[in-house]
Amino acid sequence: MSEKKLENMQDLVSLCKRRGFIFQSSEIYGGLGSCWDYGPLGIELKNNVKNSWWKAMTYREDIEGVDASILMHPLVWKASGHVDGFSDPMVDCKECNARFRADKIDLSAPCENCGAKESFTEPREFNLMFETTMGPVKDSGSTVYLRPETAQGIFTNFLNVQSTMRKKLPFGIAQIGKAFRNEITPGNFIFRTREFEQMEMQYFVKPGTQKEFMEKWKEIRWQWHLDQGLDEKKLRFHDHGDDLAHYADAAFDIEYEFPIGWDEMEGIHSRTDFDLGNHAELSGKNLNYVDQMDGNKKYIPYVVETSVGCDRHILALLCDAYRVENAGTKEERVVLGFIPKMAPIKVAIMPLMKKPDLEEPARKLMDELSQLYKCEYDVSGSIGKRYRRQDEIGTPYCITVDYDTLEDKAVTIRDRDTMNQERIPLENVRTYILNKFGF
Ligand code: GAP
C-alpha cells in the first residue's frame, strides 16, 4: 500500500471546511481576513487538546490554574513592555498599498503583490496590540487593550494564587485563553491569526535555578507533543541564542515541520524577574516572595514560561494526521490518523439500513456509548461511503449493526487504521470500547 502525507495546506483547508472542522469567520459576508471559526468537529478536537494540556499541566501538586479576564488595567501593558516594545517594523507598497513586515521581505526586491519596483515606504514601527474603549465615553483615559498574551493575567495574580493556595517555590500557574495580535502579515490558515488561543504556564523559581528548570520544562513539553501523537521526526528545538524577546534571558522554541516549512509551535522562555519586577514597581505592590527555606530571604521569583498556541498545535495535529492511502488509485482513501484520544468522534454507529429492526439496537448502542464519548450515528449512504467519511474525520472505530445482529446479538467493529473487523457481542461493546480508549 502506498501512502502520501500532506504536501499542500489547501488540501487540509478544504477537508476542514468540507467536514466541519474549521470555517472562515463571517463567511456569508465574504469572510474576515485570517479569522477562523471552529465547527462541530473542530471544537471537539480543540477541547481534546485543551483537556490534554490542562490535565498534563495542572493535575500536579506544583501547578494551579486560573482564568483571568482578557481586558486588563492599561498599566499592565506598560509594565510588561508591550506598550513600548511590542511592535514589528512595517512597510507599505506605495503602488498597491499592500503591507509587509520589513524584517520578513527583501526591501530591494519588487513588491510581491503587484510587482512594482522600489515602491516601499520607509519602515515604521507598528504596535501589534488591539485597542478598544472601556465605558460609554471614548477619551484617552478609557483606552484598554485586548491582551496580546495570557501570561500577564498570571503575573498579576501571582500573589493571589501563592497566598490562597499556600504555594512554596518552585510552583506554577497555568491558563488557557484567547490572545489578540494585530499581525501585519497573518496567514497560512490557522498558523498565524489575529485572534488565537494560548496555553501558557509560568513557573516561579528561585533566582539562579532558572536554567535547571528550563531544561526540565523543555523535556516535559517535548514529551507532551509526542504524547499527542506528533511524529518526533517533525519536531525540533530552535535555540534563540541572543535573539531574544524584551523579557527573556534565554529562549527555545519547539518547532514543527508544517507544509510551509519548519516554524514555531511552542516557546519556552526564561523570563527572569522582568515581569513581576516591573509590576511591583508600577503598581507599588510588594511582590516579594519570603523564602522560609532560606532564612526568610525576600526576593522576586524568576520565571520559566511554557507557551503553546492551541491553534498552532491543532494545525500540527491535522497536518501530522493527514494521509492518503493508495494515492491516485480508485481505492484511494483519505485518513486523519489521530491517536484515539484526540479524535473528535470516538465511535460511529451505523445500522446497515434505515430499517426499524436495525435502528432499534443501533440507537440503544448510541445512547449507551454517548454517555462515555462523542459518538456519531450515521445511517445514510452505502457502508463503504460511510466508512470513508469516518476515515476522513479520523474516527477510530465504526460499529455496524446488520441483519445478523438480530440473530447473534453481536455487531461488527471496524478499526480505522487496519480496517480489520471484529464480531463483538452487543453486551460486551461498552467494555470493548472502554478498553480500546483506556479512559
Ligand atoms: N507569553 C509568551 C508568548 O506569548 P510567543 O512566542 O509570542 O510568546 C507563544 O507566543 C505561542 O503562541 C507561539 O509559539 C504560537 O504557538 C502562538 N502564537 C503567537 N502568535 C500567534 C498568532 N498570531 N497566531 C496563532 N498563534 C500564535
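What percentage of the 439 residues of the chain count as buried? In this predicted model, 50% of the 439 residues count as buried, where buried means under 20% relative accessible area, exposed over 50% and partly exposed in between (1.4 Å probe, protein chains only). Residues are numbered from 1 along each chain as its sequence is written, and side-chain values use heavy atoms, with hydrogens and water left out. Because the model is predicted, local features need pLDDT of at least 70 and side-chain atom pairs count only at pLDDT 80 or more, while totals for chains, interfaces and linings use all residues.

The chain has 13 helices and 24 strands; helices (H or I, at least four residues) and strands (E, at least two) are DSSP runs, numbered from the N terminus. The C-alpha trace spans about 75 × 65 × 50 Å along its principal axes. Among contacts (heavy atoms within 4.5 Å) with a separation of 6 or more, 65% are accounted for by residues 24 or more positions apart.

Helix α8 covers residues 274-283, and its buried residues are Asp275, Leu276, His279 and Ala280. Seen down the axis of α8, these residues fall within an arc of 130°, so they line one face of the helix; the arc is that of the directions from the helix axis to the C-beta atoms. An α-helix has 3.6 residues a turn, so residues three or four places apart point the same way. The cover over the buried residues of α8 includes the helices α3 (74-79), α5 (151-155) and α6 (158-164), together with the strands β11 (195-205) and β14 (261-272). Gly284 follows α8 and has a positive phi, near 75°.

Aromatic pairs were searched for over the whole structure, and 18 were found. Rings of Phe, Tyr and Trp (its six-membered ring) pair if their centres lie within 6.5 Å; planes under 30 degrees apart count as stacked, over 60 as edge-to-face and the rest as tilted. In the case of Phe100 and Phe120, the ring centres are 5.8 Å apart and the planes are at 85°, so the pair is edge-to-face. This pair links distant parts of the chain, 20 residues apart, with Phe100 in strand β6 (residues 99-101) and Phe120 in the loop between β6 and β7 (124-127). Phe100 is buried at a relative accessible area of 7%, and Phe120 is buried at 13%. Elsewhere, ring pairs join Phe155, Phe158, Phe171 and Phe204 into a cluster.

Charges over rings were also identified, the criterion being NZ of Lys or CZ of Arg within 6 Å of the ring centre and within 35 degrees of the ring normal. Arg363 lies over the face of Tyr377 at 3.7 Å from the ring centre, and Arg99 lies over the face of Phe126 at 6.0 Å.

Around the ligand there are 21 residues, of which Glu149, Glu183, Thr193, Glu200 and Glu264 come nearest; a residue is near a molecule or strand if one of its heavy atoms lies within 4 Å of it. Polar contacts are pairs of N or O atoms within 3.5 Å; within protein, one must be able to donate a hydrogen and the other to accept it, and residues adjacent in sequence count only if both atoms are side-chain atoms. A polar side-chain atom of Glu264 is 2.6 Å from an oxygen atom of the ligand. A nitrogen atom of the ligand lies 2.8 Å from a backbone N or O atom of Thr193. The side chain of Gln198 places an N or O atom 3.0 Å from an oxygen atom of the ligand.

Gln198 belongs to strand β11 and is buried, with a relative accessible area of 6%. A polar atom of the Gln198 side chain also lies 3.0 Å from the backbone nitrogen of Thr150. Beyond four places in sequence, the residues touched by Gln198 include Pro148, Glu149, Gln175, Arg181 and Cys310.

Arg192 sits in the loop between β10 (171-180) and β11 and counts as partly exposed at 22% relative accessibility. Not counting residues up to four places away in sequence, Arg192 touches Ser34, Glu183, Thr185, Pro186, Gly187 and Arg312.

Leu336, in strand β19 (residues 333-336), is buried with a relative accessible area of 0%. Its contacts beyond four places in sequence include Leu15, Phe21, Leu318, Tyr322, Ile393 and Arg416.
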